[in-house]
Amino acid sequence: MQQTLTPVRVMRALGPLAWIGPAIVLIGVVVVWPVVVMIQSSFLKISRFGVVQGANGTDNYTKLFAEPDFAGVMFRSLVWVVAVVSITVVLSLALAQLFNQRFPGRRFARWALIAPWAASVLMTAIIFKWMLDPEVGLINMILHKVGVLDALGGADADPLGNASTAMPWLVFVAVFVSLPFTTYALLAGLSAIPADVYEAAKMDGASKLRTYWSITLPLLRPALTVAALINVMNVFNSFPIIWAMTHGQPGYSTATSTIFMYILKGSDIGESAAMSVVNFGMVIILTVIFLRVSKWRTEVR
Amino acid sequence: MNKRLVGAVTLGLSAALVMTACGSESPAGGEKAADGSVTLKLVAADYGDGPTAENSGEKFWKGVVDEFQAANPGIKVEVQVINWNDIDKQVATMVQNGQVPDILQTGDYSGFVKDGLLYKTDEVLSPATSSDMLEKFADFGKVDGVGYGIPFVSSARALFYNKDLFDKAGITEAPKTWDELKAAAEKLKAAGVSQPFGLPLGNEEAQAESFLWFMGNGGGYKDTSGNWAVDSAANVETFTYLKGLVSAGLTTPNPGTKNRKDVWADFAAGKVGMVNGGPMSIPIFEKGGLKNFGVAPIAGKSGPLDTTLGVEDWIMAFNKNGHKEEVKKFFDFFYGGTAAQKISDTYKLLPVTKSGIEKLSSDEKLKPFLAALPNATFYPFQDPKWSEVNTQIKQTIGGAIDGDPKEVLGAIQKVATAN
């Protein structure tokens, strides 16, 4: 029979649109459109006062790549992502295993783990900055009392003032705030593993380590992949921790690409947009590499 | 769960989102409301301690606006107060999106002039208000001889020292030269003061602290003929001297990461012997519990500074919405009434009008600053490169303490002279 476009047929074909339409509109308005504007801006000459002064070709990119600090910033961003995500995942695997056991006070411990997640990241970062204040920081005062630190107020009591000591603290805080989500994602994955596979392993006489390696980890992979991937994107774009604790200083020595982008916004908005585009590309590349490496498509056998 | 209901709710929510997104754009343009009243949008920086503080910008402006609206029933003023750290970026976004305010009060006006976004001063200030402005200040508001920026408040800098700590260390008077300053710092250190000199070279206001030190050696950001000279021999020597102070442990540790606000708080807490400050730091020190402090001219290499850093903040009117007459009324009200004086009283900022300075001349604590104002030196902010140079200074100049001053200052000079 010949297909005819009767009104009823059209209505039926468009029917699903009524349901997915709002979502498409939302994604279009809050995701796609800003990306388009961002890419557009990166080819415009825009003063720091926001006045668009016309097209600028690829000059923004040329200027960005010629920044003496650019290479260092990009390298630091990579190290930052790898360090924070890997430490977070390893610790979360252990924590998830722990919280999956039955022990007295487990409910309380699980609740306590949520705390860093429930608090605003900016607040957490500021509190850590205060605790590390050279004169009145709690951590420094304790170190002073214990005798590790000779005197308050000096350079020794100022870990955030120096890149080599500030970076580990920044990573520590980033791990601290990433742990709850990651642990809970893995905990959910753990509780989804059926008990009978463990029973079978036991019957076969597998050791604990062997069971974990051959059963738990493979079955946990979907949860692990999702948790790690979300962390990669989150940490790469992480802004409040570094901004609140060091502002990327001294110089740009603790700045990641997101921080660098924001600082550039104070002098040249077009260049800052170019940095955003580079950032955006980096996240996509990191995600693709990550998914390749973790072979997320292959079914768990 | 009822899927139809969920769908309907989602649809409704997203529709609402889209509509509000469109809705926020409608009040632009010079249209008047149905009842003929005009709404002026005013964006201002916060001189207070944040939105919840007793001295917040919101409260200050609400007082001004309430009074103004009562006197001018046809005009409404909508105020948005933004903190100093974010105001530049937020205003830039407003300009980029074409949603400019009618009145903007902030630290710079020069970038809006070239593109014709601002009313000329003559168009929005009545002659009476105009002639009351201090000429030197008004001159800085001009580009090619035409005024665009209207002076709002000003401030100057001087050396603050903690008299109790000076007594304890056996120092009788404030240092006048760099050698005396170093000697005083050593005595303070020996007396157990952890930060003899408070040195904030972090991103908050590194450009001010550095400038004060440069002046002490006859240097500055530009040379006498107006060319950029950030890495001049005098400036390099200045940072080499500072480097010596820092490595001897006589200052705030790692000054390149320390902000003025924190160093002032440490001074107020009695942990810092000397610090450069302004009239606006007086209430901060007093609130922190420090009463016994002295104010002196800033020490230079061979003698105290005969000039100081003058900072001028601005108010300006954008012409996009065409509210010239209403803006004029507001400015006349602001400068002619009690508002301009109230801002000086509340925040210890210096006035920019002749009448305002006259009123304050009896205030003992403000005297050194008022006296310094006529001979003050200002940032080269009329240079179009300044904003970019300033960003670079704020982020990197502290690195001259850890690294090679010549190299760090040279990198800033390169930004200043690049096209």
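**Figure 1. Lining of the largest cavity, in a predicted model.** Arg48(A) and Phe49(A) line the largest cavity together with Ile87(B), Asp88(B), Val91(B), Ala92(B), Thr106(B), Asp108(B) and Phe112(B). A cavity is a set of points, on a 1 Å grid over the protein atoms alone, where a 1.4 Å probe fits but cannot get out; lining residues have an atom within 4 Å of a point. The volume is about 70 Å³. Grid points are joined across faces, edges and corners, and a volume is the space filled by probe spheres set on the points. Helix α3 (residues 84–96) of chain B gives the largest share of this lining, four residues. Helices (H or I, at least four residues) and strands (E, at least two) are DSSP runs, numbered from the N terminus. By class, the lining has five nonpolar, one polar and three charged residues. Here Ala, Val, Leu, Ile, Met, Phe, Trp, Tyr, Cys and Pro count as nonpolar, Asp, Glu, Lys and Arg as charged, and the others, Gly among them, as polar. The structure holds three cavities of 30 Å³ or more.

Residues are numbered from 1 along each chain as its sequence is written, and chains are lettered from A and ligands numbered from 1 in the order in which they are written. In this predicted model local features need pLDDT of at least 70, side-chain atom pairs count only at pLDDT 80 or more, and totals for chains, interfaces and linings use all residues; side-chain values use heavy atoms, with hydrogens and water left out.

**Figure 2. The second largest cavity.** Its volume is about 50 Å³. The lining consists of Arg157(B), Pro200(B), Glu205(B), Ala208(B), Glu209(B), Leu212(B), Arg260(B), Trp264(B) and Asn276(B). Two or more lining residues come from each of α10 (206–215) and α12 (260–268) of chain B. The most come from α10(B), with three residues. By class, four lining residues are nonpolar, one is polar and four are charged.

**Figure 3. The contact between chain A and chain B.** Chain A brings 38 residues to the contact and chain B brings 42. Contact means heavy atoms within 4.5 Å. The two chains bury about 3300 Å² between them, 55% of it on carbon and sulfur atoms. Phe49(A), Glu135(A) and Gln249(A) supply 21% of the area that chain A buries against chain B, more than any other three residues. Buried area is the accessible area (1.4 Å probe) that two parts lose on being put together, summed over both. Phe49(A) also lines the largest cavity.

**Figure 4. Gln249(A), Pro250(A) and helix α11 of chain A.** A cis peptide bond joins Gln249(A) to Pro250(A), with omega about 0°. Most peptide bonds are trans. Pro250(A) sits in the loop between α10 (240–245) and α11 of chain A. Helix α11 (residues 257–264) of chain A has eight of its eight residues buried, so it is largely enclosed by the rest of the structure. Buried means under 20% relative accessible area, exposed over 50%, partly exposed in between (1.4 Å probe, protein chains only). Ser257(A), Phe260(A), Tyr262(A) and Leu264(A) are among the buried residues.

**Figure 5. Leu179(A) in helix α7 of chain A.** Leu179(A) lies in α7 (residues 163–191) of chain A. Leu179(A) is buried, at a relative accessible area of 14%. Leaving aside neighbours within four places in sequence, Leu179(A) contacts Thr88(A), Leu91(A), Ser92(A) and Leu95(A). Ile87(A) is 92 residues from Leu179(A) in sequence and 9.3 Å away in space, C-alpha to C-alpha. In an unreviewed entry, UniProt lists residues 169–190 of chain A among its "transmembrane region" spans. That span is 100% helix and 0% strand, with its end C-alpha atoms 30 Å apart. UniProt positions use the numbering here, feature names are shortened, and annotations may be inferred rather than shown by experiment.

Figure 6. Asn254(B) is placed in the loop between α11 (233–247) and α12 of chain B. At 13% relative accessibility, Asn254(B) counts as buried. Lys348(B) is partly exposed, at 23% relative accessibility. Most residues other than glycine have a negative phi.

Note on methods:
1 Å grid on protein atoms, 1.4 Å probe; cavity = no way out; pocket = protein on both sides within 12 Å on 5 of 7 lines; lining within 4 Å.
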